[in-house]
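I opened this notebook to keep track of what I looked up. The entries follow the order in which I checked things.

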Amino acid sequence: MANSIESTLVETRVFQPPEGFAQHANVSGQAGYQALLEAADRDPDAFWAKQAREYLQWTKPFTKVLDESRAPFFEWFGDGELNVSANCLDVNLKNGNADKIAIIFEADDGVAKKITYQELHDRVCQLANGLKALGYKKGERSIIYMPMSIEAVVAMQACARLGVTHSVVFGGFSAKSLHERITDVGATLVLTADEQMRGGKAIALKPAVDEALGMGGCEAVRHCIVYKRTGGKVAWDAKRDLWLHDVADKQAKTCEAVTVGAEHPLFILYTSGSTGKPKGVQHSSAGYLLWAKLTMQWVFDAKAKDVFWCTADVGWVTGHTYVAYGPLAAGLTQIVFEGVPTYPNAGRFWKTIQEHKVSIFYTAPTAIRSLIKTSDAEAAVHPKSFDLSSLRLLGSVGEPINPEAWMWYHTNVGGGRCPIVDTWWQTETGGHMITPMPGATPLKPGSCTTRLPGITAAIVDEVGGDVAAGQGGLLVIKRPWPSMIRGIWGDPERYVKSYFPPELGGYYLAGDGAQCDKDGCFWIMGRIDDVLNVSGHRLGTMEVESALVAHEMVAEAAVVGRPDATTGEAIVAFVVLKRSRPEGDEAIALGKQLRDWVAKEIGPIAKPKEIRFGDNLPKTRSGKIMRRLLRVVAKGEAVTQDISTLENPAILDQLSKPV
Ligand code: WT7
């Protein structure tokens, strides 16, 4: 990972919260942070009950807070009832935000479209009414395969309004990945678009849905609702397909929000684990929304005047919590961005911030690193060529941010005056867990700093014992928290096995290696399982391996991650073919063919950066692939480890040379 132990240990710079910021912050100074931390530690139930009453509107108040009777299947506010969409929209109409801009949609081509809270509410209600008219109701599951758009947010909110559990699939995933999710989640409805626009190019979405629905096992899907984004030509199944505007536009602009239990699954989002099949991470309604709203206040210091921009796609958890739900629940104006950071040029982020006077900007280290390269070469796209004075807070998410990138972000984008919140969290945690509070926490470049109130993050050894400050270990969360994962859809055993292994005595296992320094600051060292982080996207090595061996030419494959200056990690695949080992031009051609194959099987994000062919793979005498050796040769380093258990040592030589 970008953040090796060595580099973290030498990092000594500390940035105190700017005085002016701290003065007006929602959580102000160390005293403010400590007070919350102590209150949450002293009596967690009372603390969470207070927050849940203050931050959420309940249709039926809860009487229970945390129910541990079925641990590790925890319940929060279990007998309470509410509706998430009402808490994001109706609340704002009541609070005088009806005419406030809810979303500024910044299209790929730079055209901006604005929509108020009243208009957003009306459109969510119209689609919800349309879905209701088609017979959709609480307890069903929908798949949303849509581009970044107001319509995608409307689709998610409309489902939430009816109690239909959504599962958003990132538009970059293949038809096969989409099919896997449609069938696993048991969807009855699919929402998609004709095409999406990215970097000036139209990319088709509907054909992938057609292909997925044609693969069998999707008979439960009654309708495919299509948002007309580009007007590109699409195939049409008159019995199944409907235009979104035909479903929604004639409907009434009010729709009573369906009350659901606090634990009702708001969404299921698939993410990679250490085995081949992605896991459907199930989230609740109340605990999840509480966390989305609370972290908007605590971590993003949300104020009525803010213009918030989270660049994540709604296909990832960041786009759920900090696009579709959090900013709306907090009543902010936010940017929804369709494009890519490098189109029409690498100044796109800065130009957009300047134009819409963005005050809070939240993006991924991989984007920052790629922009550093171009802007250092080209003054016109350098952040210094733009007026970024509206910014007051920056955020980072998805992977460790290396201190050099942190400093560049702080100096050039933040003008040295904006705190950076480096937020550590996961699909499973629902929202921020370890992060600075910008008006309270001293910042250390490369560290996600301290735990949020009520989040009992700690570093432990293999049997759950606390390790000393500065020692590496497993990152765990000792007590449940409101927005935690509620289960893996359809696989309770895997949930227990993955996150609550018995040897840790009930702690939540995050899957990251980390250390905590003497100031209580956490330094994430990377995953401890076979999960890779490529450009902030999570991928299982087994997932890529399964895709490779599904190719008729491939006998065996092993996939590892290699540190990469831009993408954090890059995928390197070692492949044994059923035929003899190719060399020279043939190896290059076959490598390309296999890389394209993986892109088609999973999606372009899973494409290996490099493929190396071998006569065999390094294995122990009992036949286990020694991935740790492959990680060394992928980096181009010499193997210095003990290889006495290796059955075929000569193979390392062959695999150490790139094609
Ligand atoms: C994994 C979770 C967080 C939402 C987007 C990714 C890594 C995430 C940080 C950070 C170091 C980070 C971890 C984690 N990660 N944020 N600030 N510093 N590492 O969610 O796809 O579920 O991935 O991303 O390894 O386990 P995800």
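Before the first entry I wrote down a term: buried means under 20% relative accessible area, exposed means over 50%, and partly exposed lies in between, with a 1.4 Å probe and protein chains only. I noted that this is a predicted model, in which local features need pLDDT of at least 70, side-chain atom pairs count only at pLDDT 80 or more, and totals for chains, interfaces and linings use all residues. Residues are numbered from 1 along each chain as its sequence is written, and side-chain values use heavy atoms, with hydrogens and water left out.

Entry one, cysteines. I looked for disulfides (pairs of cysteine sulfur atoms within 2.5 Å) and found zero in the structure. For cysteine 159, the nearest cysteine sulfur belongs to cysteine 255 and is 12 Å away. Cysteine 159 is buried, at a relative accessible area of 0%. Cysteine 521 is also buried, at 4%.

Threonine 363 is buried, with a relative accessible area of 4%. Its side chain makes a polar contact of 2.9 Å with the side chain of threonine 311. A polar contact is a pair of N or O atoms within 3.5 Å; within protein, one must be able to donate a hydrogen and the other to accept it, and residues adjacent in sequence count only if both atoms are side-chain atoms. I then listed contacts (heavy atoms within 4.5 Å). Beyond neighbours within four places in sequence, threonine 363 touches residues including Phe349, Ile368 and Tyr409.

I asked which of the 17 residues around the ligand come nearest. They are Asp422, Thr423, Thr427, Asp512 and Arg538; a residue counts as near if one of its heavy atoms lies within 4 Å. A ligand nitrogen is 2.7 Å from a polar backbone atom of threonine 423. For the side chain of aspartate 512, I noted 2.7 Å between an N or O atom and an oxygen of the ligand. The elements giving two or more residues to the shell are α13 (317-329), β20 (420-423) and β25 (522-527).

Technical notes. Helices (H or I, at least four residues) and strands (E, at least two) are DSSP runs, numbered from the N terminus.
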